[in-house]
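My notes are below the picture.

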Amino acid sequence: MKTEILGVVLQWVALVTLCYPLGRYIAHVYREKRTWLDFMAPVERAIYKFCGIDAEKEMNWKQFLKALLTVNLFWFFWGILLLVTQKWLPLNPDGNPSQSPDQAFNTCISFMVNCNLQHYCGESGLTYFTQLFVIMLFQFVTAACGMAAMAGVMKALAVKSTRTIGNFWVLLTKSVTRILLPLSLAVGILLVINGVPMTFEGKQTLTTLEGNEQVISQGPTAAIVPIKQLGTNGGGYFGVNSAHPLENPNAFTNILECWSILILPMAMVFAFGFYTRRRKLAAWIFAVMLFAYTAGVVFSVWQETSGSKQLARLGIACDTGSMEGKEVRIGAAASAMWGVTTTVTSNGSVNSMHDSQTPLSGMLQMLNMQINCWFGGVGVGWMNYFAFLIIAVFISGLMVGRTPEFLGKKVEAREMKIATIVVLLHPLLILAGTALASGLIAARPSLGWLNNPSYHGLSEMLYEYTSAAANNGSGFEGLGDNTPFWNISTGLVLIFGRYLPIVGQVAIAGLLAQKKFIPESAGTLKTDTGTFSLMTFAVILIVAALSFFPALALGPIADYLSF
């Protein structure tokens with residue numbers, strides 16, 4: 001147990017230590033300063049020429065959003081076409097069938113919005129071709145879309161007054177070539193060295209020590225796992241995700257993959273500080289996020305290493321922690337940290353079954369996604385925090401009797417309305433979806449969605465919509481989710497939960513960018529202080545967390561109190 005705790009501490013230190021220089025590098029990439037990857041410039045120019053992109057043309061916020069939504073719409077039809085025809089496409093040595101239209105819709109939407117909510121088993125639900133040309137491709141593109149959106153917001157906030165926020169296509173391309181691709185190559189090499197397969201051969205048939213035959217799936221796993229983690233994607237190559245010994249072989253790969261989930265979201269906070277030259281503000285934002293994350297890790301590790309209260313009452317010792325649903329080679333502490341890490345981001349990969357963790361750990365994982373701004377997805381996590389910043393600035397300005405200002409720009413009714421809609425959309429999608437599903441299963445129990453009744457069954461449905469709305473993708477696996485209802489309903493939540501917030505956040509930045517810059521004075525509300533950071537933290541808890549308290553009380557809290 002001490003070794004597991006040490007691994008948790010070392011990983012935390014590695015994250016906090018390395019995110020600062022990486023954030024500075026990312027800011028240099030988006031500011032077009034010299035970096036050690038400038039040799040990629042000819043490749044980028046070739047991409048621009050092939051695609052007919054004018055790299056020198058700046059876009060206003062409306063043109064920026066049009067480009068972002070257009071490329072996502074194109075990839076949606078691309079993905080649907082390949083998924084429903086995959087059994088006839090090449091690189092299918094195992095003869096896997098095509099997906100049904102409703103499952104293909106859910107899969108395509110899920111990966112297109114950086115969620116990766118998988119209603120299929122990875123090794124049997126896809127072929128090598130669709131793993132590479134749908135799943136891995138989308139994992140690069142969707143992560144880069146989020147990063148490009150944040151880069152546009154940063155440019156809008158960094159200048160005194162402007163009508164343009166950058167070129168979406170250039171920011172998208174550089175996010176892949178200068179950030180995601182080199183990091184993925186480095187992580188991929190380390191995974192191959194540690195035994196993660198990288199092959200296009202079909203299944204292997206092996207004889208076990210007991211003399212039985214076992215069929216082992218393999219494939220180009222090492223190419224897909226790095227970007228699924230670094231891009232906060234999370235789609236498991238295998239059905240059990242990173243609990244699979246070929247996707248996550250040992251303690252080192254577990255630390256490496258878990259570190260990969262959070263390093264870019266952490267770095268993007270510092271990238272904002274370097275880009276806008278507001279490093280103190282970025283440091284305070286980082287401190288709020290890090291406090292929430294660290295508190296969650298400590299709480300969840302304590303819960304999972306303390307053992308199962310239910311088993312203890314049956315007289316079963318739990319000296320190694322609550323191990324049901326967890327891998328022995330990973331342990332309770334590392335599984336708890338992964339669970340918190342993957343839910344404070346929009347990653348969704350798992351190395352244990354969240355459905356099997358203690359009720360309060362499960363509640364914390366849901367709450368992380370319901371708040372949805374403790375680091376969050378690459379780029380969009382900071383942008384979710386940005387919406388709360390606008391609300392906090394507005395409320396604080398009214399409290400001190402001044403027109404609210406943020407970075408020298410007045411925050412007026414239009415920006416406040418957009419921020420409010422963005423913030424309230426999240427609980428609306430989650431709670432309305434859960435209410436609909438609960439009503440249907442109550443009226444027709446024969447639908448058979450739930451493997452667990454009562455409070456835990458409600459938690460399974462609440463978690464599914466929470467994960468979809470937060471673009472996360474993890475699940476309480478007791479839910480039978482591969483049905484037309486779940487595929488379509490969560491698919492719609494995925495669309496609204498991804499694109500409406502991005503549209504709102506980029507619009508706020510674009511509107512602020514066009515306003516006249518107001519120099520700071522003695523009466524200016526300081527946003528780079530501990531007091532304002534505490535105010536923002538309180539706004540997040542009041543607006544986000546309390547919106548979900550009744551649902552959490554009926555689900556995981558009642559589940560905990562019932563034993």
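These entries go through charges first, then sulfurs, then the surface.

**Ground rules.** I'm working from a predicted model, where local features need pLDDT of at least 70, side-chain atom pairs count only at pLDDT 80 or more, and totals for chains, interfaces and linings use all residues. Residues are numbered from 1 along each chain as its sequence is written, and side-chain values use heavy atoms, with hydrogens and water left out.

**Salt bridges.** I searched the whole structure and got 9 salt bridges, each meaning a side-chain nitrogen of Lys or Arg within 4 Å of a carboxyl oxygen of Asp or Glu.

I looked at D38 with R178, where the closest N and O atoms are 3.1 Å apart. D38 sits in the loop between helix 1 and helix 2 and R178 in helix 7 (residues 168-193), so this pair ties together parts 140 residues apart in sequence. (Helices are DSSP runs of H or I, at least four residues, and strands are runs of E, at least two, numbered from the N terminus.) D38 is partly exposed at 27% relative accessible area, while R178 is buried at 6%. My cut-offs: buried is under 20%, exposed over 50%, partly exposed in between, with a 1.4 Å probe and protein chains only. I also noted that D38, E44 and R178 are linked in a salt-bridge network.

Next I checked E247 and K228, whose closest N and O atoms are 2.3 Å apart. E247 is in the loop between helix 8 (221-230) and helix 9 (251-276) and K228 is in helix 8, so the pair joins parts 19 residues apart in sequence. E247 is buried at 0%, and K228 is buried at 0% too.

**Cysteines.** How many disulfides are there? I count 0, taking a disulfide as a pair of cysteine sulfur atoms within 2.5 Å. The sulfur of C19 has its closest cysteine sulfur in C258, 14 Å away and too far for a bond. For C145 the closest is in C108, at 13 Å, again too far. C19 is buried at 0% and C145 at 2%.

**Surface patches.** I took patch residues as those with over 30% relative accessible area and no salt bridge, joining like charges within 9 Å and nonpolar side chains (Val, Leu, Ile, Met, Phe, Trp, Tyr) within 5 Å. Areas are Shrake-Rupley with a 1.4 Å probe, and for residues only the protein chains shown count as cover.

F74, W78, L91, F133, V192, M198 and F200 make a nonpolar surface patch with about 640 Å² of accessible area together. W78 is in helix 3 (residues 61-84) and is partly exposed at 33%.
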